[in-house]
Amino acid sequence: KNRGFHAHHPRDCFFFLRDNSVAELQELLDEHDVEYDTDVQQGQANAAAAANAADDGNEGPVQITCRVMEQKENNEGLADEECGRHAGDGYAGLCEKHYKEYLVHLINKNSLDSVFLLSQGEIEALLRREETPLPPLGQNESNEDYLDRLKNYVQERLPLKKRDD
């Protein structure tokens, strides 16, 4: 059976969560009172300002770039280099990709269930992939109540595995 590209990943995996917006990931953390960084580290801001002034002699708006080390391919093979992508406002000096990785790490570290980020269609697809029967909509049940019941059903029938972080 074709179970989808990321069907082998649990719902708390980065590959499952990366399509959520930063705001959605932050909202999940906020709902569970988990703190996360949004401000650029002072040293990174100072280095960016110095580089900006050295490049063009101006002290205009500072372009902060992501300093996460990555392996990048070059003519000699692989080399460790800074990511270098633009760091978004409120992303703690990280690019969107690395900031999402950071938020997902916090979600996992705090054992938060991302089922609450899923739409009804996504939950139905998850249940089909896991070959778990879909409960029927109650006769007088609103769509909102049904979605809440589906989320609880997923947590009961498909609990996340404990992590050893």
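Contact means heavy atoms within 4.5 Å. This is a predicted model, where local features need pLDDT of at least 70, side-chain atom pairs count only at pLDDT 80 or more, and totals for chains, interfaces and linings use all residues. Residues are numbered from 1 along each chain as its sequence is written, and side-chain values use heavy atoms, without hydrogens and water.

**Exercise 1.** Find what share of contacts between residues at least 6 apart in sequence join residues at least 24 apart.

*Solution.* Start with the elements: six helices and two strands. Helices are DSSP runs of H or I, at least four residues; strands are runs of E, at least two; numbering starts at the N terminus. Their order is α-α-α-β-β-α-α-α. Now the contacts: the share is 56%.

**Exercise 2.** Describe how α2 packs on α4.

*Solution.* Take the axes of α2 (residues 22–31) and α4 (residues 96–109): they lie 10 Å apart, at an angle of about 20°. That makes the two helices roughly parallel (angles under 35 degrees). Next, list the contacts. From α2 come Val 22, Leu 25, Gln 26, Leu 28 and Leu 29; they meet α4 residues including Tyr 99, Leu 103 and Ile 107.

Methods
Axes fitted to C-alpha atoms, helices over the stretch in contact; angles between N-to-C directions. Parallel < 35°, antiparallel > 145°, perpendicular 65-115°, else oblique.
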